[in-house]
Structure formats: C-alpha cells, structure tokens
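Thanks for coming, everyone. Let's walk through one structure together, starting with charged pairs and then moving to the nonpolar parts.

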Amino acid sequence: MAKNFIRPTTRHSLAAFFLYYFFVGLRVFAESNADKSQHENNDFDVSIKTINGKIYVNWKTSSLWQNTTVYFLSSLHDDITNASHAVNVTVCHAFKDDKNSWKIEPVQGNLLELCNRSRKCGPVNADDLIVRATLTQELSCQLFTTCTNFEDVFRIQVVSIGGGREYSFQSGNMTILSENIPPFYKVLSTSYGLPDNTPITLRIIYFDPSELCGFGAKPTDNLQFVIQHYKEYDSKCFYLGQKTAPYTDKTTEVNFNDVIIRKTEVLYFDYAVKSLASNKTTSSQRLKFMTDRTSSTKCSIIGGVTYISWRPQWNCFDENIIEQAQFCFYDGPCFPVCEASFFANGTFRAARTYEDEIINVCRKRDDCKFISDQDSTKINNVSNKFINVLWSPETRRITCALFRTCMHYTYTFSVKAFSFNDGRERILDNVDVCRENTSPIDNNQPAVPHGVHAIDIQANQVTITWKSPRCELEVLGCEVHVIFNGEKTEKHKDLGTDGLNNIYEFTKKNLPPFEKATFQVLTECFAGSRIGVRSPLQTVTTKPSAPQFAPNLITIESVDKAKGLTNIRLTWEYRGGAQYLHGVPNETRIIGLVNKTVVVYEETINSSEKTTTLTVNQTQRCAFYQVKICNAPDLCSNYSNPPRRLRNCEIAPTPAPESPPPSSNAFWVVIIAVVTIFIVLVAVLITTYVYCQKRR
C-alpha cells in the first residue's frame, strides 16, 4: 500500500476529516487573497469531466509551480465499526525534472485498493490499470480507465506548490452515475428506402456491456431506450406515442409492427437513452423514414438537356430550409446549379439559379465548352434561360432543366441534392439525383421533335415545320429526317434558332391533288448505337384541283313531247377513274349550240349526278350539247368533246294553226256585223244623193 493512503481507524472520524479540510480551505483562501493578482496570472485552470464512468482531470500550469498532486476524496465503509470514513487518495503526481520540464505519473495502488475495499466499486483485478496520466498541451489525469462502475459520491482536489506558495482547487460532490450518459452508437432500420405498407423495425446498436461504465455492475438493469414516434402530414408534425425498450445487449431490436409507412407519409422517431438510477436522459436523436428516396428522384438527359427533379428533404421539425442541386464534374468539384427555398411550414418561398457561376466554371475547364446563344435569342425571355427551376405544389417536386442553351461537357458527371438551413449548414445527407458516371452522351435520349405541323397546303405540295433541341444537334451530332408517306428523306439543315431549339421547314412537291399524305419527323443519334425517336404520325390532304379529263357525253334521247316542246335526257360518265377527278364534283354545266350560238345554258349546283333531263323547244331540241364537271366554281374540266345531239333531228317550219270549230255565238256575231255594214252603206248613199241635189 502506498504511504499516502489514509487507513481509517476509530480515531479518525468523519467529522475530523471535514474539520481538517475546513482549516486547509481557510489557509488556501487567505493565501489566495494575499496574492490574488499573482495567482490570476499563473494560468492555473482545472477542468473535470465524467464520461461513460470515467473521470478526466485536466489542468494548465505555469513555470511558477514546481509540482502538482491530484487527490481523489471519498469515503470507505469500515466493516468493524459499520461506519463510513473519509479517505484522501493520491492518484496522480506531476513535477518538474532536472531540465525544468514537466513530468506526470499515475499512482495506481491507492485507487485500486480503494476500489477493492469499497462496497460500491470493483472488484478490480490488480493487473488492471485504472489510472492514467498524459502530458500534451495540458496535464491530464484519467481515473477508472478500466470500467469499475464506482457508485459513490466523490470529489477531486488538485494542489500545486511552488515558490513557497500553495494553490488548491477542489470540486463539489460528484457522481459518475448522474453525468454524461454515452450517446447512441448507431440506430438503423431493418430496411431503408421502404416500399409502401411496410412495418417499421428499429435496430439499435449500442455499446458493449464491457464498454459501459457508470451504470452499475449490470448496465442492462439501469439503461432504457426511449423512442417517440411522429408522423408528418401536410408539413405538420403529429405525435403518435412513445415506446420504451430495455438495453439487453449490444444490439436491440424495437418493432413497430402497428406503424405502417405509406407512400405519401414521412415518419420520424426520436430516440434517447435513459439512466433509471439517475432518471436522466440523453438528448434525442432523430431517424427519418420515408418510402424509397431514390424513386423520388429523377434524372434524364433528353435532347442534350439534363432534367432533374426531387422531393425536398425538409421535415416538419425544421426551420426555413433551402434545397439545392449541385453539378459535380468527374474529377470531384461540385457547383450549385439551382435551388428552392421554403418557409418553416413547408410553403414555397423562392427559386434561384446559378447560371453565371456554372458558365464561368465551364469556361475555365479544358473539357467543357459553353455554346453561347445566337443573336436571335431573346435574352430576357425566361424560357430561354440557361437553367430553369420550377416548384410544383401538387406533386411537391423541384424540377430543374440544366444547360438548356447547351454546355458541351464530354466526361461523366453526377448531380446531388443538398438540404441547408438558413445559415447554409447542411442538415441531411445528400441525395444522388444523377448517379456518378452519368454520361452526357451515352445516357442521352433523343428528344421527340415538337411543334410539328403543316403550314402550307397546296394541290401539289405540302410544307411542314418543326423544332428540335439545339443541344442534341449542335453538341451531340444528331440528325433530323422527315418521313413522308413512309419514305425517309435526307437529313435537314435548320433555318435558325430561338436559342433553345433549331427551327426547320420542309416542302414535299409533286403530290397528287386531293389525296391524303402522312408525315412525321425522325431524330437519330449515334452514341454507341443508333437511337431514333419519331414525332406522332400526322395526316394531311392536299387541296383539290380541276378534274384531269373532261366527262364523256354518252347519250341524248327524247323523253316526252308536248305542243311545240320536248323533254330530252342527257347521260354522261367520268373518264379515267376517281383518281383523276382531283376532288369531289359538286357542279355540272351543260351548253347547247346552234350555229355556234348558245341556245341552252344549264348549271346544276351541288350535284354529282351523271344524268339530267331538260325541257327544250324545237330549236333547242336539235342543238349540239356538251357537258363539263366542276370540283369548285373555278376548278372545272373541259367540255366534253365531240358535241352530241338527238338522232335524226331536223328543224321543220312551224305549221299553220287550225280553224276553231263553229259556235252559236260566232254566228250571231257575223249577222250583226253584216247588218251593221249594210246600214252604213245605205247611210253613205243617202248622204251622197242629198249633196248632189243641192248643187244643182
């Protein structure tokens, strides 16, 4: 036994022990006040911590002090007197050697004997080193470095002597059990990135019993896991209950079979360690459960443009959150490209892009080139921005379109999403949106040409236009073709660009009038293998034109005769088949000629009949007739040729009208007329006679 160990006897009572230290304290207090300023400048600073059943005593000292001793003050139970006695155990001693350098040595035997004799410590093997001393920038004395589970109250005293003076520091009452419960080593779920409707199981990996000190001889009786369960819904947290689980071994499983995670839910578990002896609990740590997070991220390269989207990782416990996507080059450096910020309640706050930053980075690299916009680009148009970011409150996703006006980068890359608080401190692990080794060439999918439509339709030609992403054509070397009526045309050159897309036009000539034609646009890329995509198939009908051939007038026949009038029927047919009509006939025109003079002109509107009946007089009856058909008023065929007329048709003089049969009324009319004439003649004769007599 070391000579400094104080054996308790019946003469050494506990009262005497405290009386002794009372006078020592008065002496130190008096000396400290006598030269207070000197001690304040001696840089003597002591700190005492207890972690996991171990005691750490650290102090700084100056050249004033020649040696320092660390004492462990506690009590020891005497089996004979059945009483406890105060003990003062030297555990570490520091001193200056001949070269005026500090040395520190542990004193093992005293504390070892105290442990083995105490009812609240040990037993400890004599070969175990329970005191360590180290010298770095500070002097350090570590007690109970081998787990002893010391359960009694203790104090630490540090006494330094030098220059004829003494400085003493003494702690208050301390206990290992009540201080610094070790934090969690690890808490895992049995699976992370869970499918829908999965029960939750937590697997807690805590310290080995041999590594746990300060919790009594059986830590399993003194430790408990406390787990609180929350659910996030509509950016709000709902407390759902608490479970406790005893510490059984290094690994403990806690099943939440009644807790099912569903597609739209996010679950949280706050877990802590509780000491049953001291009724103290560690600070909580949080574990977040959600459905497979990788399925909530999307990364695609379409038409040379990188499209990314992900769901924010903030939760209902967080303050204002910033979600940021960073583009990582193959050799490691990552740079922000877009971000969205949210208020604490999950409401969208603002969006931001880092266009200038990533463009400047690209221009400084040998493997990266930025293709600037042409003069036709509308710089102030939001749709033409190099990077675009959108937030959808319906799907709760952030979507970014990267490098829309083309960044030519030939190596692999990745894109990661980070969560920050307002202070730009990361609060969650990053999520891979685009995994490492994503190739801008090999992973590119050609974009379907868009805006495909006919802009001019004539009888013999059709002009179509469309747009294709500029990046895949200028950077990736893709080609564009038109497939018209199933035939693939040569690749086409663009007419210009709007900054995001190249604009194309194509005219197909020598088409038959009034016929259907199909067309679609094909984009082909040649990264590794030939990949092509087509726009939806569209159908267009060329405009009608005049029928190619005149109709054939087949027959003219007399149908009925009336007094001086005749009904004649004309019948004709189309020549060459329907494909030569070049439309749908909706008008027929008929002329009749006599000595090259038109005596008949007939129009039948909105009719596609091939026969008609005309009522004609004797002159019209023997006219030469011709027929033509029209698809529209100004789209008519030629007149049929040769002209035709009725067979055996001659033009005869008009016969005299027959006398009407006599009637009684006519007889009396004649009699009256004769009598009247007679009377007139008699009157004339009388008048003449009278005139002649007077002249004689």
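Start with Arg365. It forms a salt bridge with Asp331, and the closest N and O atoms are 3.1 Å apart. Keep in mind that this is a predicted model.

Where do the two partners sit? Arg365 is in the loop between helix 4 and strand 23, while Asp331 is in the loop between strand 20 and strand 21. The pair links distant parts of the chain, 34 residues apart.

Is Arg365 buried or exposed? Arg365 counts as buried, at 17% relative accessibility. Asp331 is partly exposed, at 43%. There is also a network here: salt bridges link Asp331, Arg365 and Asp367.

Why pair at all? Side chains of opposite charge can pair when their charged atoms come close.

Next pair. Asp498 and Lys467 meet in a salt bridge, 3.5 Å from N to O. Asp498 lies in the loop between strand 34 and strand 35, and Lys467 lies in strand 31, so this pair ties together parts 31 residues apart in sequence.

One more. Glu557 forms a salt bridge with Arg569, at 3.4 Å between the closest N and O atoms. Glu557 is in strand 39 and Arg569 in strand 40. The count comes to eight salt bridges.

Now the nonpolar side. The largest nonpolar core has 32 residues. Ile55, Phe72, Leu143 and Ile156 have the most contacts inside it. Strand 4 gives the largest share, five residues.

Ile55 touches Phe72, Leu143 and Ile156, among others.

Last stop, the surface. A nonpolar patch there includes Phe667, Trp668 and Val690. Val690 sits in helix 7 and is partly exposed, at 40%.

Conventions: Residues numbered from 1 in each chain as written. Predicted model: local features only at pLDDT ≥ 70, side-chain atom pairs only at ≥ 80, totals over all residues. Heavy atoms only, no water. Patch = residues over 30% accessible without salt bridge, like charges linked within 9 Å, V, L, I, M, F, W, Y side chains within 5 Å. Areas by Shrake-Rupley, 256 points an atom, 1.4 Å probe, with all protein chains shown as cover. Salt bridge = Lys/Arg side-chain N within 4 Å of Asp/Glu carboxyl O. Helix = DSSP H or I, 4+ residues; strand = E, 2+ residues; numbered from the N terminus. Buried < 20%, exposed > 50% of the residue type's maximum accessible area, 1.4 Å probe, protein only. Core = buried A, V, L, I, M, F, W, Y, C linked by side-chain atoms within 4.5 Å. Contact = heavy atoms within 4.5 Å. Lists of a residue's contacts leave out its neighbours within four places in sequence.
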